[in-house]
Amino acid sequence: MEFSLTDPFLWETVIQGLLFGGVLALLSLGLNIIFGVIDVVWICYAELIMLGMYTIFFLYTEYGFPLPVAFAAGIVVVAILGTVLHYLVIRPILHTEPINQLLVTGGVLFFLQGLATMLFSVEFRNLGVSFGSFEAGNMFFPVSRILAFVVSLVAVVGLWVFLKKTYLGTAIRAISQDRDVMPLMGVSPAKIYLVTSALGGGLAGLGACLLVMLYDIHPAIGLTFGPITFMVCVLGGLGNMIGGFIAAFIFAEFIALGGFYAEVEWGYVLAFVFFIVMMFIRPQGILGSRN
Amino acid sequence: MLTIENVSAGYGTFQALFGVSLEVRAGEAVAVIGPNGAGKTSLLRVISKVISMTGGHIAMEGQSIDEVPSHQIIELGIAHVPEHRRLFPRLTVEENLRMGAFVASARSRYEERLAFVYELFPRMKERRHQLAGTLSGGEQQMCAIGRGLMSGPKLLLLDEPSAGLAPVIVQQVFDLVRRIRQEGYTVLIVEQNIQQVLKVVDRAYLLEVGRIKMSGPAGDLLANDEVRRAYIGL
């Protein structure tokens with residue numbers, strides 16, 4: 001294929017990549033904040049998103065709730081799931097070997113996937129809502145993707161403001177720097193961990209709102225987004241939200257441009273090759289500092 | 001204000017304090033002095049419940065704090081400025097100070113107390129947007145004390161404020177303590193720098209291997225031959 005910077009399809013692809021990058025950035029946010037603050041990786045993060053998608057789907061299609069209500073419920077449900085996950089699964093093993101936390105949340109992944117298969121069957125479901133598309137020049141963009149992108153950016157900025165400007169947000173940043181001194185400030189670390197888990201879950205729930213507009217829902221959808229979300233976080237530097245943000249756009253452009261010049265699958269292959277190479281060059285991630 | 005009665009405490013099987021009794025009255029500055037490993041830090045930690053007591057009683061203004069969890073101690077008016085300062089290195093000076101005002105009762109007076117801390121330590125105002133980890137040792141101590149003051153405490157616990165600082169800076173830190181005293185705060189300070197600390201406090205207790213060996217007006221301890229020989233090197 002000929003390379004031309006004036007090719008509108010190329011630009012369409014680049015912008016599509018950008019839009020997808022916004023979604024990936026949002027997905028990475030929840031996982032990153034959990035790791036950055038609690039020092040635990042929720043391997044089952046994308047399965048929480050999957051449950052959020054089902055929540056929205058059923059509330060909207062089966063029970064006839066308006067879409068915004070279903071979205072809000074999806075966020076709340078996943079926030080609660082995140083809190084429960086922390087309380088029941090993470091908290092008892094918080095001070096044991098890190099491998100235990102990986103194994104146990106990995107176990108939760110298969111549990112949730114199996115549970116979803118039993119409850120909802122392997123059938124692919126679709127929200128069946130079309131938002132139409134937006135035309136600019138000769139380029140077409142689905143409105144759902146633009147919406148997802150805008151929501152992602154608003155969430156990223158909103159989270160930043162929360163972490164920067166509020167007492168609770170400052171405490172969340174502080175606890176990752178020195179946990180044991182927190183009680184002397186009148187802060188209960190256990191409570192901050194629960195709040196952070198609700199926040200991470202809420203972000204996963206918001207991710208569910210965006211993904212449910214873009215993709216079919218099935219019990220294994222977590223496997224589509226889980227690994228790439230994890231890799232975005234690792235590439236950015238686990239726990240580093242700005243790094244994750246940058247890495248999300250790098251990944252998305254690899255996938256989009258790979259899809260443009262070959263097939264989308266090649267885009268993923270290229271992105272993963274890039275990831276592996278980067279792990280040799282900068283194992284701590286783009287902006288990471290830990291080993 | 002603070003009454004410690006026959007308190008014992010330790011870490012696991014290691015016992016750090018054996019039946020320590022001590023009192024701090026309102027408006028006083030009291031020092032606990034003693035060599036490294038005497039249990040001075042443990043004493044402050046047991047007051048703020050960072051470690052739990054195995055025996056004895058502690059009361060703040062007549063109210064028992066034996067059952068109060070660590071994160072609620074600050075609400076009783078006790079602020080603990082810990083050993084090694086323990087600032088949040090990747091938060092700015094102002095964010096560190098904000099953490100000192102985290103409890104609900106302190107938030108409403110945040111602006112007022114921030115202005116007070118900045119007036120007390122103008123250097124902190126200059127550096128308010130700087131990351132705490134980039135401050136010099138003396139500045140970090142100012143920030144740590146400032147963070148302690150942000151909750152508007154009745155009693156300030158200072159753990160080895162001069163530790164790890166250059167001699168010139170140590171002098172400045174004791175000046176800080178003097179200034180805080182002038183502001184009317186009640187202070188319980190733990191120090192290894194015995195000669196300096198005894199010049200800024202009213203009374204002192206000598207702690208040795210977890211037991212109070214001696215107590216009295218600061219001047220008496222400073223003049224005591226045994227103290228001078230063992231700890232001041234004169």
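Colleague: How many residues of domain 1 of chain B are in contact with domain 2 of chain B?

Modeller: This is a predicted model, in which local features need pLDDT of at least 70 and side-chain atom pairs pLDDT 80 or more, while totals for chains, interfaces and linings use all residues. Residues are numbered from 1 along each chain as written, with chains lettered from A and ligands numbered from 1 in written order. Contact requires C-beta atoms, placed from the backbone, within 7 Å. On the side of domain 2 of chain B there are 11 residues, and they meet a set from domain 1 of chain B that numbers 15 residues.

Colleague: How far apart do the C-alpha centres of these two domains of chain B lie?

Modeller: The bounds, which come from an automatic or database assignment, are 2-77 + 154-232 for domain 1 of chain B and 88-153 for domain 2. Between the C-alpha centres of the two domains of chain B the separation is 23 Å.

Colleague: Which element gives the most to the side of domain 1 of chain B that touches domain 2 of chain B?

Modeller: By class, that side of domain 1 of chain B has nine nonpolar, three polar and three charged residues (Ala, Val, Leu, Ile, Met, Phe, Trp, Tyr, Cys and Pro are nonpolar; Asp, Glu, Lys and Arg charged; the others, including Gly, polar). The elements of chain B that give two or more residues to it are β7 (155-159) and α7 (167-182); here helices (H or I, at least four residues) and strands (E, at least two) are DSSP runs numbered from the N terminus. With six residues, the most is given by α7(B).

Colleague: Which helix of chain A do the buried residues of α2(B) pack against?

Modeller: All eight residues of α2(B), 93-100, are buried, so this helix is largely enclosed by the rest of the structure (buried: 20 or more other C-beta atoms within 10 Å, with C-beta atoms placed from the backbone). Among them are V93(B), L97(B) and M99(B), along with the charged E94(B) and R98(B). Within chain B they pack against α4 (110-120), α5 (122-126) and α6 (137-149), and in chain A against α6 (167-175).

Colleague: Which residue in the turn between β9(B) and β10(B) has a positive phi?

Modeller: Five of the six residues of β9(B), 203-208, are buried, so this strand is largely enclosed. Four bridges join β9(B) to β3(B), residues 29-33, in parallel, and six join β9(B) to β10(B), residues 211-217, in the antiparallel sense (pairing needs at least two DSSP bridges). The bridge partner of V30(B) is R203(B), and that of A204(B) is G216(B). β9(B) and β10(B) form a hairpin with two residues between them, and the turn residue with a phi of about 35° is V209(B).

Colleague: Which residues is F251(A) in contact with, leaving aside its neighbours within four places in sequence?

Modeller: Beyond four places in sequence, F251(A) is in contact with L24(A), I228(A), V232(A) and A271(A).

Technical notes:
Buried ≥ 20, exposed ≤ 12 C-beta atoms within 10 Å, placed from the backbone. Contact = placed C-beta atoms within 7 Å.
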